[in-house]
Amino acid sequence: MTEIPADIRDLLACPRCGGVLRDSRVGGGETLTCDACALVYPVEEGIPVLLAERAQPRTQAEA
Ligand SMILES: [Zn+2]
């Protein structure tokens, strides 16, 4: 599985609140979670998709 390089990972911020994103793993894939917004952003083929319309609510997404 492709991991996000740490230097790129550190530059990522939630597009909604600008907050820190936490590495997570939802639905068997790599994801990024914003705890402030309770949103889970997908990571597709190692590329974070930081679009609010693509994010899922954390409470539903996280098992
Ligand atoms: Zn946020």
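Where does Cys 17 lie? In this predicted model, Cys 17 sits in the loop between H1 and E1. Its relative accessibility is 41%, so Cys 17 counts as partly exposed. Leaving aside residues up to four places away in sequence, Cys 17 touches Cys 34, Ala 36 and Cys 37. Ile 4 is 13 residues from Cys 17 in sequence. In space, the C-alpha atoms of Ile 4 and Cys 17 are 21 Å apart.

The chain contains two helices and five strands. From the N terminus, their order is α-β-β-β-β-β-α. Helix H1 covers 6–9 and strand E1 covers 21–26. Strand E2 takes in residues 29–34, and strand E3 spans 39–44. Strands E4 (47–48) and E5 (56–57) come next. Helix H2 comprises residues 58–61.

The overall dimensions were computed from the C-alpha trace. Along its principal axes, the trace spans about 25 × 25 × 15 Å. The radius of gyration of the chain is 10 Å. A compact globule with 63 residues would have a value near 11 Å, so the chain agrees with that expectation. Of the 63 residues, 35% are buried. Contacts between residues at least 6 apart in sequence were also examined. Among these, 28% join residues at least 24 apart.

The zinc site was considered next. Four cysteines supply the protein donors of the zinc ion: Cys 14, Cys 17, Cys 34 and Cys 37. Each contributes its SG atom, and the donors lie 2.3 Å from the ion. Angles among the four donor atoms run from 103 to 114 degrees. The site is tetrahedral, since four donors count as such if all angles lie between 85 and 135 degrees. Along the chain, the donors follow the spacing C-x2-C-x16-C-x2-C. Cys 14 belongs to the loop between H1 and E1, whereas Cys 34 belongs to strand E2, so this pair ties together parts that are 20 residues apart in sequence.

Cys 17, at 41%, is partly exposed. Both buried values follow from the cut-off, because buried means under 20% relative accessible area. A search of the whole structure for disulfides finds zero.

Charged side chains were examined in turn. Side chains of opposite charge can pair when their charged atoms come close. The structure holds three salt bridges. One of them joins the side chains of Arg 22 and Asp 35, with an N to O distance of 3.0 Å. Arg 22 lies in strand E1 and Asp 35 in the loop between E2 and E3, so the bridge ties together parts that are 13 residues apart in sequence. Both partners are partly exposed: the relative accessible area is 34% for Arg 22 and 40% for Asp 35.

Asp 35 also forms a salt bridge with Arg 58. Here the closest N and O atoms are 2.6 Å apart. This pair links distant parts of the chain, 23 residues apart: Arg 58 is in helix H2, and Asp 35 is in the loop between E2 and E3. Arg 58 is partly exposed, at a relative accessible area of 22%.

Glu 44 and Arg 54 form another salt bridge. Their closest N and O atoms are 2.4 Å apart. Glu 44 lies in strand E3, while Arg 54 lies in the loop between E4 and E5, so the pair ties together parts that are ten residues apart in sequence. Glu 44 is partly exposed, with a relative accessible area of 39%. Arg 54 counts as partly exposed too, at 38% relative accessibility.

Definitions and conventions: Residues are numbered from 1 along each chain as its sequence is written. This is a predicted model: local features need pLDDT of at least 70, side-chain atom pairs count only at pLDDT 80 or more; totals for chains, interfaces and linings use all residues. Side-chain values use heavy atoms; hydrogens and water are left out. Donors are N, O and S atoms within 2.8 Å of the metal (3.2 Å for Na, K and Ca); water is not among the atoms, so sites may look incomplete. Four donors count as tetrahedral if all angles lie between 85 and 135 degrees; four count as square planar and six as octahedral if opposite donors are over 155 degrees apart and all others between 65 and 115; anything else is irregular. Helices (H or I, at least four residues) and strands (E, at least two) are DSSP runs, numbered from the N terminus. A salt bridge is a side-chain nitrogen of Lys or Arg within 4 Å of a carboxyl oxygen of Asp or Glu. Buried means under 20% relative accessible area, exposed over 50%, partly exposed in between (1.4 Å probe, protein chains only). A disulfide is a pair of cysteine sulfur atoms within 2.5 Å. The radius of gyration is taken over C-alpha atoms; the globule rule is 2.2 Å times the number of residues to the power 0.38. Contact means heavy atoms within 4.5 Å.
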